[in-house]
Amino acid sequence: MASSIPRPRTIMKSSIIAINPSFPFLHFLPPSPLTALLFSPRKNPKSLHLCTNFSTTLLLFSLSLLFSITFLLGIFLLGFLRSYQNSPLPCSVSSSPEFFAASLSSMSSSSLLDKEEGVPRLSYSAMVPLPAHGLSGNLSEPEREFWQQPDGDGYRPCLDFSIGYRKASAEISKEKKRYLMVVASGGLNQQRNQIVDAVVIARILEASLVLPILQVNLIWGDESEFSDIFDVEHFKKTLQADVRVVSTIPSSHLMLRQPIHSKIPRDITPNWIHSRFFNQLNKDGLLILKGLDSKLTKNLPPDLQKLKCKVAFHALRFAAPIRELGEQLAKRMWIEGPYIALHLRLEKDVWVRTGCQTGLGPEFDRVIAKVRESEPEFLTGSLNMSHTQRKLAGLCPLNAFEMARFLKALGAPKSTRIYNAGGEPFGGSRAMQPLISEYPNLVTKEMLARQGELARFANKSSALAAIDYIVCLSSDVFVPSHGGNMGRALQGHRAYVGHRKFIKPNKRAMLPFFEDTTISEAELSSVVKELHAKSLGQPELRNYRRERDVIAYPVPECLCQKP
């Protein structure tokens with residue numbers, strides 16, 4: 001370290017300091033002969049008596065320069081140590097979460113919370129991944145291309161709320177007359193979306209938000225409560241400048257026959273919500289909403305879009321036991337080098353809902369068809385399409401064989417470590433065999449965890465999904481096999497923390513080439529790379545498209561271009 005410190009005379013010759021006195025670090029220096037020399041106007045040399053004061057001036061100049069170098073070095077070392085004090089990692093890293101922390105620390109002071117008073121700053125509250133690995137070692141050109149992280153184009157987090165929003169916050173954050181309660185259903189990431197929307201609706205109605213109730217999941221039998229999955233105190237403190245969050249309803253607001261509003265239309269706007277519920281809420285003091293999934297419009301005012309990002313990427317931090325195990329598993333993957341995280345959707349219920357064939361043969365397809373016939377309400381795919389039509393339309397998840405071909409065509413090395421975040425595949429090991437044959441270093445959380453580590457989360461599907469989420473967030477490359485809430489959540493989260501590589505398979509364009517038996521592997525690789533050249537995690541504008549949620553596409557409302 002000492003050998004890298006430049007000598008004082010080298011600093012004096014620096015063109016940056018000599019030519020550009022506005023160099024940012026110099027504004028932090030104390031008054032000294034150096035700063036006076038840089039910032040004072042030039043004087044007539046004839047009027048200066050340099051000879052009589054030369055020794056004194058030179059001494060003061062040298063001392064000031066030494067102090068300045070020490071000051072700047074101290075700032076650098078403090079920042080470096082602070083970034084890595086909680087995670088001692090190897091030295092093979094080329095980039096780190098410093099990008100994210102520096103971005104958030106540059107937000108306006110109005111959007112930051114005081115850590116010294118027990119309230120986390122936004123720059124400390126977000127869930128940040130481990131650093132992406134550098135491109136080192138004997139990598140072929142296709143391998144380098146595969147692991148190369150996208151350019152963020154200067155987009156960084158910018159949750160700077162408007163003056164009007166901040167003024168209104170003074171009263172809204174202290175509201176004690178109106179209370180909103182929300183029942184969130186579905187799996188983990190579906191519930192996360194509804195919790196985000198619940199905070200926004202509470203803000204629109206100027207109401208206190210009661211901690212959302214997580215409805216018992218009938219498919220997986222998970223009875224987890226909010227506090228089992230999320231850090232309650234962190235949630236409250238992070239949002240205390242936006243919405244008042246309480247754990248329970250005051251006894252004065254309990255009613256014997258409180259109606260539950262569940263028939264909510266799609267694409268509802270802030271004006272609709274206010275006109276429909278505000279007067280009733282003002283009268284009753286309590287409003288209960290259920291069935292919020294995908295009901296709130298995606299095109300909200302900028303402040304509310306920023307609030308959604310604040311909830312999703314900052315406030316909804318997982319509970320400590322989940323977070324600690326998830327981070328441990330992520331480090332076990334990370335320490336071995338760069339890794340891919342896959343979200344393979346091969347579960348039985350996925351095949352039932354999509355109306356697609358499993359790729360495992362007639363025996364397995366008959367089982368799925370029988371379940372689908374007995375419970376047709378589960379089918380979400382188009383009823384008037386054949387299995388083949390659904391597949392070529394991109395409505396089916398990639399199976400293990402197709403995922404293996406996809407990764408190989410993109411240039412993923414055969415030795416790559418892969419983390420599979422999917423649930424138990426229908427067909428068991430047979431369903432996974434084509435992928436394992438091509439990429440043998442495939443692991444799951446059950447394989448990574450040590451004896452007893454997962455025991456406390458047995459039959460807790462939401463907690464297990466949260467652990468998967470953490471490991472996927474830190475992966476160098478993330479690939480979902482089929483849309484879904486987790487894929488969209490990670491797409492936006494990875495963009496928000498530094499545009500980590502995210503590859504969304506273009507199934508509609510790609511699968512016809514998979515069906516073509518005349519195409520060579522080299523030709524297929526060229527086609528697949530070309531189809532995905534512009535969808536590898538680069539900043540992608542939401543552009544106010546109705547179906548695009550700011551949580552998946554945080555540019556430009558939550559990520560801004562800064563020099």
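In the predicted model, strand E9 (residues 417-420) runs parallel to E10 and is joined to E10 by two bridges, with helices (H or I, at least four residues) and strands (E, at least two) taken as DSSP runs numbered from the N terminus.

Residues are numbered from 1 along each chain as its sequence is written. As the model is predicted, local features need pLDDT of at least 70 and side-chain atom pairs count only at pLDDT 80 or more, while totals for chains, interfaces and linings use all residues, and side-chain values use heavy atoms, with hydrogens and water left out.

The structure holds three disulfides, a disulfide being a pair of cysteine sulfur atoms within 2.5 Å, and with bonded cysteines counted along the chain they follow the pattern 1-6, 2-5, 3-4. The sulfur atoms of Cys158 and Cys560 lie 1.8 Å apart, and the link is right-handed, with 70 degrees about the S-S bond. Because Cys158 lies in the loop between strand E1 (155-157) and helix H8 (163-172) and Cys560 in strand E13 (residues 559-561), this pair ties together parts that are 402 residues apart in sequence. Cys158 counts as buried at 2% relative accessibility, whereas Cys560, at 23%, counts as partly exposed; buried means under 20% relative accessible area, exposed over 50%, and partly exposed in between (1.4 Å probe, protein chains only).

In the disulfide of Cys309 and Cys558 the sulfur atoms are 2.0 Å apart, and the torsion about the S-S bond is about 90 degrees, so this disulfide is right-handed. Both Cys309 and Cys558 are buried. For Cys356 and Cys396, with sulfur atoms 1.9 Å apart, the torsion is about -90 degrees and the disulfide is therefore left-handed; Cys356 and Cys396 are each buried.

Conventions
Pairing = 2+ DSSP bridges.
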